[in-house]
Amino acid sequence: MASTSEVDSSESKRTIFTLGSRQSELARIQTNIVIQELIEKFPGYTFETKFNETEGDKNQSQALFLLGGKALWTRGLEELLADKQVDMLVHSLKDLPTDLPEGFKIGAILEREQCVDSLVMKNGSPYKMLEDMPAGSRIGTSSVRRAAQVKNYLQNHHKDLEMVFKDVRGNLNTRLKKLDATDDAFDALILAKAGLVRLGWLHRATQDLAPPVLYHAVSQGALAVEIRTDASQELSELCEALTHQRTQWTCLAERAMLRTLEGGCSVPVGVNTKLTNVEHGEERLRSGDLILKSAVLEITGCVTSLDGERQFVKTIEGKITNAGEAEDLGKKLGEMLLQTGAGQILEEIKADRAARAEEAAKAKSS
């Protein structure tokens, strides 16, 4: 649906709002998921869309490892938000930096889709499981987290299975085309299951790679709505109606851990969270869900060296009664990981990235 050039800033009660996101098919589907939830809760309102290409979308050739932080996926969109061309931005929460630029905040975190990673085999492959693939198989992934953790798993449990990990860029549909191409560049891909579900490709997944094989990315599977810090009361109410409290608590804990580790999307940091012993109050949130009174949060963090030879895994558990306490628990876990040696791995990765970036710059200029 076409959007206005600038959002109406009048003081009267508004009923038309514009949502922005990336141009990819997955981003459009995710934006529509948010719109459908809003329409169900606010049937008298109109929701328009505006899609924009980001830096990360434009550069499809260079490895994510060398491109920098998560702002690649958000910076261009935040310009639209700052200019009031859109009211809300829809993101995969895992793509949002743990510290947002001044003037922006997370307004809503929606209920999480399955957060596990999945193995996708080349069409016609006789193999279904990672452990069944022959040594030397070529696995495509743009994630150093996935590559490092799978290397570690194979080194510790299947020493004879040494795989070749190759960078693969592009949206999910493009990656699947590269996998199935006749040039046989890849034997399999590792992809987020949530993306496969949303795009209708779940039938391609042959194996879920859950811990201890793979700890998923921070906030993987969750959608977030970003708004301006000076957003109107109407916008705040829309976001409150979208927020899924259980997902909010777990994802904020995960993000607090990552913030403490100072890790972006291109470092091998994984996580796994569980919320148990959940107690609800009698009051209902704007979403319609019963308010959470308390729960026991168990969060496991994992940092792995790029070669897979070293891995630090720590788990912490505690009773929480609000989102702030969830973040405190995540921060504490990040501190525990740094104390065990994870900090050294992260420093090594930063130095390695800087050296590779310098080499790439020299090669480009020569």
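Colleague: What makes Thr304 count as buried?

Modeller: Thr304 has a relative accessibility of 0%, and "buried" means under 20% relative accessible area (exposed is over 50%, partly exposed in between, with a 1.4 Å probe and protein chains only). Thr304 therefore counts as buried. Bear in mind that this is a predicted model: local features need pLDDT of at least 70 and side-chain atom pairs count only at pLDDT 80 or more, while totals for chains, interfaces and linings use all residues. Residues are numbered from 1 along each chain as its sequence is written, and side-chain values use heavy atoms, with hydrogens and water left out.

Colleague: Which residues is Thr304 in contact with, leaving aside neighbours within four places in sequence?

Modeller: Contact means heavy atoms within 4.5 Å. For Thr304 the list is Ala148, Gln149, Asn152, Pro268, Arg310, Gln311, Ile345 and Ile349. Thr304 itself lies in strand S12, residues 290–304. Strands here are DSSP runs of E with at least two residues, helices are runs of H or I with at least four, and both are numbered from the N terminus.

Colleague: What makes the Thr304 and Gln311 side chains a polar contact?

Modeller: They come to 2.9 Å. The cut-off is a pair of N or O atoms within 3.5 Å; within protein, one must be able to donate a hydrogen and the other to accept it, and residues adjacent in sequence count only if both atoms are side-chain atoms. The pair is listed as a polar contact on that basis.

Colleague: Ala148, Gln149 and Asn152 were on that contact list. Why is H5 called largely enclosed?

Modeller: Because 10 of its 14 residues are buried. Those are Val144, Arg145, Arg146, Ala147, Ala148, Gln149, Val150, Asn152, Tyr153 and Leu154.

Colleague: How do you know what span to expect for H5?

Modeller: The expected span is 1.5 Å times one less than the number of residues. For the 14 residues of H5 that gives 20 Å, and the first C-alpha to the last reaches 20 Å, close to expectation.

Colleague: And what caps the N-terminal end of H5?

Modeller: Ser143 does, with a side-chain oxygen 3.2 Å from the backbone nitrogen of Arg145.

Colleague: Which strands form the open sheet, and in what order?

Modeller: There are five, ordered S7-S6-S8-S5-S9, with mixed pairing. S7 (164–166) and S9 (205–209) are the edge strands, as each pairs on one side only. The twist averages 30° from one strand to the next. H5 (residues 144–157) packs on this sheet, touching S5, S7 and S8 (188–192), and its direction makes about 120° with that of S8. H6 (residues 172–180) packs on the sheet too, touching S5 and S8 at about 165° to the direction of S8. For these angles, axes are lines fitted to C-alpha atoms, for helices over the stretch in contact, and values run from 0 to 180 degrees between N-to-C directions.

Colleague: How do you know that S5 pairs with S8?

Modeller: Two strands pair if DSSP finds at least two bridges between them. S5 and S8 have five, in the antiparallel sense.

Colleague: Why is S5 called largely enclosed?

Modeller: Five of its five residues are buried, so the rest of the structure largely encloses it. Asp117, Leu119 and Met121 point one way, Ser118 and Val120 the other.

Colleague: What about Leu252, buried or exposed?

Modeller: Leu252 sits in helix H9 (residues 245–261). Its relative accessible area is 14%, so Leu252 is buried.

Colleague: Where does the pLDDT stay under 50?

Modeller: pLDDT is the predictor's confidence in each residue, from 0 to 100. It stays under 50 over residues 1–11, and residues 56–60 are below 50 as well. For the protein chain the mean is 90, and 90% of residues reach 70 or more.
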